[in-house]
Amino acid sequence: MAKVVILSGAGLSAESGISTFRDSGGLWDEYDVNVVCNYDSLEKNEDLTIEFYDKRRSELEFKEANYAHKVISALKKEYGNKIAVITQNVDNLFEKAGMPSEDVIHLHGFMPEVRCTSCESVFDIGYKKLCDFNNGFCKECSSKLRPNIVFFGESAPMYENLSHELSDCTLFIVIGTSGEVIGVNSIAQFAEQSILNNLEPSDAIKDSLFSKVLYTQATQAIDEIARDIHGYLIEED
Ligand code: APR
Ligand code: ZN
């Protein structure tokens, strides 16, 4: 259980050139997310859904971690279990910033992975298309593979880890999420201290519940956030 929980969303990777969900731009304009990200997408629109994730996976190869990913990665290295790094992002930019994959909790899945629809085995396929990995079939049981992504309406097993980390959290930090999917208000209310960093106010977030609010780019805010984390953890010792 961590004292400091850093919960991030699409805004953290925006400066690395990955489009957020609720702003316009990129692949999200080309595809209807309700058609390719829904629990029944693989059943109803399999080819389009696989194609959408193949494109996003291949796009990742050329994206680089930004300064905020790097600072968070360094903090995690320094403080270990005192900090939990939890993200709604399915990209691998924390990993590209040098964070071991076991140190990042990916709540909504991980783009470089595919999963068996039958035995649930997970395979890392890097930036490949799904069909270019064993023809799109599981190496263990030969069933169909699918992206290892949590679609709308599907269960998200990693939420259990989120609850676990939050149970002891006293400093809660939110970076780059609209709070539409994970309600951050009640968490901020119960934490001793809390910091919110987004570009602008969001309808789903009551910013008066946070001890500090930074409406600016994550790469601009991260040094101040890091100073607060250092100060907080030093005081705790
Ligand atoms: N720095 C900081 N914050 C930023 C930046 C930036 N450079 N750019 C955008 N933001 C903020 C916006 O102000 C917005 O509040 O990031 C937030 C992005 O919100 P969303 O697009 O809604 O992304 P997110 O909250 O991560 O979405 C949650 O929804 O569709 C699902 O599963 C998907 O994980 C995703 C989840
Ligand atoms: Zn299988």
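Val174 stands opposite Leu196 in strand S8. Strands and helices are named here from DSSP runs (helices being H or I of at least four residues, strands E of at least two) and numbered from the N terminus. The model is a predicted one, in which local features need pLDDT of at least 70 and side-chain atom pairs count only at pLDDT 80 or more, while totals for chains, interfaces and linings use all residues. Residues are numbered from 1 along each chain as its sequence is written, chains are lettered from A and ligands numbered from 1 in the order in which they are written, and side-chain values use heavy atoms, with hydrogens and water left out.

Strand S7 (residues 171-175) and strand S8 (residues 193-198) run parallel and are joined by 5 bridges. Two strands are said to pair if DSSP finds at least two bridges between them. Strands of a sheet pair through backbone hydrogen bonds, either parallel or antiparallel. S7 and S8 belong to an open sheet of 6 strands, ordered S3-S2-S1-S7-S8-S9, with parallel pairing. Its edges are strand S3 (104-106) and strand S9 (212-215), each of which pairs on one side only. On average, neighbouring strands of this sheet are turned by 15° against each other, direction ignored. Axes are lines fitted to C-alpha atoms, for helices over the stretch in contact, and angles run from 0 to 180 degrees between N-to-C directions.

Helices lie across this sheet. Helix H8 (residues 159-166) lies across strand S1 (4-8), strand S2 (83-87), S3 and S7, and runs at about 150° to S2. H10 lies across S1, S2, S7, S8 and S9, at about 170° to S7. Contact here means heavy atoms within 4.5 Å.

Two packed helices are described by the angle between their axes and the distance between the axes. Helix H6 (residues 67-79) packs with helix H10 (residues 218-236) at an angle of about 15°, the axes being 8 Å apart. H6 is therefore roughly parallel to H10, a label given to angles under 35 degrees. H6 contributes Tyr67, Ala68, Val71, Ile72, Leu75, Glu78 and Tyr79 to the contact, and H10 contributes Ala218, Thr219, Ile222, Asp223, Ala226, Ile229, His230 and Leu233. Of the residues in this contact of H6 with H10, 11 are nonpolar, 2 polar and 2 charged.

A further open sheet has 3 strands in the order S5-S4-S6, with antiparallel pairing. S5 and S6 are its edge strands, each pairing on one side only. Neighbouring strands of this sheet are turned by 40° against each other on average, direction ignored. S4 and S5 run antiparallel and are joined by 3 bridges; Arg115 has Val122 in S5 as its bridge partner. Helix H5 (residues 46-60) packs on the sheet, touching S4 and S6, and its direction makes about 135° with that of S4.

Two loop residues deserve attention for their backbone angles. Most residues other than glycine have a negative phi. Glu120, in the loop between strand S4 (109-116) and strand S5 (122-124), has a positive phi near 70°. Glu120 is partly exposed, with a relative accessible area of 49%. Ser142, in the loop between S5 and strand S6 (145-149), also has a positive phi, near 70°. Ser142 counts as exposed at 53% relative accessibility. For these terms, buried means under 20% relative accessible area, exposed over 50%, and partly exposed in between (1.4 Å probe, protein chains only).

Note on methods: Angles under 35 degrees count as roughly parallel, over 145 as roughly antiparallel, 65 to 115 as roughly perpendicular and the rest as oblique. Ala, Val, Leu, Ile, Met, Phe, Trp, Tyr, Cys and Pro count as nonpolar, Asp, Glu, Lys and Arg as charged, and the others, Gly among them, as polar.
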